Amino acid sequence: TELTPEVVLNYVKDYKDTEEIILNCRMATLRNAKVNDVISFGSLSNGTPMRWRVLDKQGSRLFLFATGYVSEMGHIRVNNPDVTWSGSLIRTFLNGSFYNSTFNEAEKKLILNTNVPTNMGEDTVDKIFLLSRSEILKYIPNEKNRATSTGFWLRDNGGAKHYFMAVWKSGVYGEGSINEDGVIASIEDGIMPAMWISLDNN
């Protein structure tokens, strides 16, 4: 039997520091990760490991972007002409129920607070966030590499505050292109989160 962290867990499941032991087993993999590698960090509600692509590595930090959707929802439920990222339901979801259900306490300690600038409204400080237009262009410049089974939201507003930019599956903007005019914020679209984590668990 391969000695994976999960196998180790079966042997130490009653030990009070199990989460730290499992995380320590994974830290070498995280520290050796390179840009464009896909790593596991956290678990979805069905027990499936959460998969992330490494977009950037800076010293003892990794910038991670989800490889798939974690949910589909709108930035708001009812159209509101003044909504920006700071008041988005997606922001509340990512830093609330998603954060608490996906990561154990040991993993949460590695997720960094990040200053999150936006093109409208107040900047925020978040654990989990959506990519911006500038981050998409910087880290995933090839439109075909952004293509997914459906579109996904960005955190920047479009032409008005109740519109948000999104990456399109297809349509007049082309597969994987950014709809910079924006989509009405109440429409449900894919959520693909991003975050910075620390590689220092001491």
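This is a predicted model: local features need pLDDT of at least 70, side-chain atom pairs count only at pLDDT 80 or more; totals for chains, interfaces and linings use all residues.
**The whole chain**

Begin with the complete protein in a cartoon view. Its secondary structure comprises five helices and eleven strands. Of the 202 residues in the protein, 44% are buried. If contacts between residues at least 6 apart in sequence are considered, 58% of them join residues at least 24 apart.

**Strand β1 and Ser40**

Next, select strand β1, residues 38–43, and locate Ser40 within that strand. Leaving aside residues up to four places away in sequence, Ser40 touches Leu30, Pro49, Met50 and Arg51.

**The aromatic cluster**

The whole structure contains ten aromatic pairs. One of them joins Phe93 and Phe98, whose ring centres are 6.0 Å apart. The planes of these two rings stand at 45 degrees, so the pair is tilted. Phe98 has a relative accessible area of 4% and is therefore buried.

Continue to Tyr99 and Phe103. The centres of their rings are 6.2 Å apart and the planes meet at 55 degrees, so this pair is tilted. Both Tyr99 and Phe103 are buried.

Which residues form one aromatic cluster? To display the cluster, select Phe41, Trp52, Phe93, Phe98, Tyr99 and Phe103 together.

**The second largest pocket**

Turn to the second largest pocket, which has a volume of about 270 Å³. Its lining consists of 16 residues; to find the centre of the pocket, select Arg53, Phe65, Ile140, Asn145 and Arg146, which lie nearest to it. The elements that contribute two or more residues to this lining are β2 (49–58) and β3 (61–66). Colouring the lining by residue class shows nine nonpolar, five polar and two charged residues.

**Arg61 and Trp196**

Finally, select Arg61 and Trp196. The charged end of Arg61 sits over the ring of Trp196, at 4.0 Å from the centre of that ring.

Notes: Residues are numbered from 1 along each chain as its sequence is written. Side-chain values use heavy atoms; hydrogens and water are left out. On a 1 Å grid over the protein atoms alone, a cavity is a set of points where a 1.4 Å probe fits but cannot get out, and a pocket is an open set with protein on both sides within 12 Å along at least five of seven lines; lining residues have an atom within 4 Å of a point. Grid points are joined across faces, edges and corners, and a volume is the space filled by probe spheres set on the points. Helices (H or I, at least four residues) and strands (E, at least two) are DSSP runs, numbered from the N terminus. Ala, Val, Leu, Ile, Met, Phe, Trp, Tyr, Cys and Pro count as nonpolar, Asp, Glu, Lys and Arg as charged, and the others, Gly among them, as polar. Rings of Phe, Tyr and Trp (its six-membered ring) pair if their centres lie within 6.5 Å; planes under 30 degrees apart count as stacked, over 60 as edge-to-face and the rest as tilted. Buried means under 20% relative accessible area, exposed over 50%, partly exposed in between (1.4 Å probe, protein chains only). A charge sits over a ring if NZ of Lys or CZ of Arg is within 6 Å of the ring centre and within 35 degrees of the ring normal. Contact means heavy atoms within 4.5 Å.
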